[in-house]
Amino acid sequence: MKNPNIVILGAGYGGIMTTVKLQKALGVNEATITLVNKNDYHYQATWLHENAAGTRHHDDTRIPIRDVVNFSKVKFVQDSVVSINPDKKKVQLAYGELDYDILVVGLGFEAATFGIPGLEEHAFMINNINSARLLRDHLEYTFAKYHNEADHHEGRLNIVVGGGGFTGIEFVGELANRVPKLCREYDIDPAQVRIINVEGAPSIMPGFDPQLAEYAMNSLEARGVEFITGAMLKKCEADKIVYEKDGVQEEVPTLTTVWAAGVKANSIVENSGFTTNRGKVEVRDDMRAPDYDDVFVVGDCALIMDESTGRPYPPTAQIAIQEAELIAKNIKAMVRGEEMEPFEPDLKGTVASLGHNDAIGVIFDNTKIFGWKATVMKKVIDNRYLFKLGGIGLLLKKGKFNIFY
Ligand code: FAD
Ligand code: NAD
């Protein structure tokens, strides 16, 4: 293929890693590479629960694209993708249009609200820097407001988190660290504050190691988190939520509902005419879309079945990064007229934080870890990514070196 026009949409884990690998793999005369992203920064979505709780500033989480992408090799377009026309090989942006010869779709995830009434209008989400920053500010405002209202709203200090999967649990872990500090800062008795996690399954973290899920629950309960399990959140209003447990509907008054109960692919994918399965593109072995030889899909927009379970691999940064590395290799092969390789995930385990001082995980060959070992491992994973993306410079600038705390 002679000097193809390669366009990469989204600078999340998948998009930015594809770009960084491609800029090294291809010579400047071999292809034109364009990266399109809404913002002029990449953010680590895996740190957003910390930003949302206010335990870590969002500037730590975002990385200017120019720090990792070489603008003499890659053209960067800061714009929003509106739609893709794979038949005409065009991408519609808010402020323009792009043609491509090879496309990589890495537009990431959105919250899945399953049509539950009121969530879009009233719930906070942990989807990106904007939504995390809004939630952090709302929490601060809520605590500041408390002593400035004559009649306290009964739900003023109730924080309800819908979903006890990884995101919900990591977020309540951060809240357990943040709330005591907010109480001190705003002269509020901690006993007045409730952090309530509502999970639809009989126990939190369904599908994960049950012993470690129990460890997480005990650790968080000891720090004041309440769990309502086997309870489906049914409705969200401005001042309350409704959940259903054992066929009975109950209400919890709250001015702060956080929806962390699942994700779906960016809806642009489904709306752009690709064949989809659960809103995602079920990619071929080489990560290309089934109907288009010139479109690769990466990260949360792609679906790959795990043959050992018969279910799709869960959408994670870990798999997005590995897919991106393979996509960069396969694009290089395509440009040079060589054979492409199939994607073979090499999953190294899962580690979830429970605040800054506790964590749980299953790593490598099913080794269970918890407490300080898991806390250290979580930071090692984060630091390893920074090193992979931007070398020692980025690691030193953004790394988590408070290793035991
Ligand atoms: P994203 O990281 O979502 O990136 C998408 C990019 O596209 C963003 O830069 C966005 O700005 C851009 N974009 C979106 N729409 C447009 C548009 N219309 N136009 C232009 N640009 C656009 N996974 C793990 O493996 N380990 C973890 O510990 C972990 N922790 C997590 C913690 C939290 C709180 C959350 C929410 C998720 C976590 N995940 C974790 C999952 C992981 O973050 C996602 O699987 C991963 O971010 C997917 O990467 P991606 O590249 O597909 O998309
Ligand atoms: P998830 O799908 O993993 O969990 C959602 C949870 O919400 C489930 O436990 C589900 O039972 C519950 N739920 C759904 N509807 C509900 C309702 N109406 N009421 C109450 N509970 C309800 O989604 P997530 O936690 O947002 O994670 C998204 C992806 O990101 C997953 O693939 C996850 O593995 C990944 N992630 C990984 C990590 C990590 O590795 N440390 C951290 C966060 C997220």
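For the residue classes here, Ala, Val, Leu, Ile, Met, Phe, Trp, Tyr, Cys and Pro count as nonpolar, Asp, Glu, Lys and Arg as charged, and the others, Gly among them, as polar. With that in hand, let's start with the cavities. Keep in mind that this is a predicted model.

The second largest cavity has a lining of four nonpolar, two polar and one charged residues. Who are they? The lining consists of Gln-23, Leu-26, Gly-27, Val-28, Ala-31, Ile-33 and Lys-73. The space inside comes to about 40 Å³.

Now the largest cavity. It holds about 50 Å³ of space. Its lining is made of Gly-299, Ala-302, Leu-303, Ile-304, Tyr-313, Pro-314, Pro-315, Ile-319 and Glu-323. Sorted by class, that gives seven nonpolar, one polar and one charged residues. Which elements contribute? Strand 22 (302–303) and helix 10 (317–336) each give at least two residues to this lining. Counting cavities of 30 Å³ or more, the structure has two.

Look at strand 15 and strand 16, residues 240–245: they run antiparallel and are joined by six bridges.

On to charges. Side chains of opposite charge can pair when their charged atoms come close. How many salt bridges does the structure hold? There are 25. I'll pick a few.

First pick: Arg-156 with Glu-149, closest N and O atoms 2.8 Å apart. Both Arg-156 and Glu-149 are buried.

Next pick: Glu-226 with Arg-194, again with the closest N and O atoms 2.8 Å apart. This pair ties together distant parts of the chain, with Glu-226 in strand 14 (residues 225–229) and Arg-194 in strand 13 (residues 194–199), 32 residues apart.

Another pick: Lys-348 and Asp-346, with closest N and O atoms 2.6 Å apart. Lys-348 is partly exposed because its relative accessible area is 31%. For Asp-346 the relative accessible area is 43%, so it is also partly exposed.

Last item, a network. Salt bridges link Glu-50, Arg-56, Asp-60, Asp-382 and Lys-400.

Terms used:
Residues numbered from 1 in each chain as written. Chains lettered and ligands numbered in written order. Predicted model: local features only at pLDDT ≥ 70, side-chain atom pairs only at ≥ 80, totals over all residues. Heavy atoms only, no water. 1 Å grid on protein atoms, 1.4 Å probe; cavity = no way out; pocket = protein on both sides within 12 Å on 5 of 7 lines; lining within 4 Å. Points joined across faces, edges and corners; volume = space filled by probe spheres on them. Helix = DSSP H or I, 4+ residues; strand = E, 2+ residues; numbered from the N terminus. Pairing = 2+ DSSP bridges. Salt bridge = Lys/Arg side-chain N within 4 Å of Asp/Glu carboxyl O. Buried < 20%, exposed > 50% of the residue type's maximum accessible area, 1.4 Å probe, protein only.
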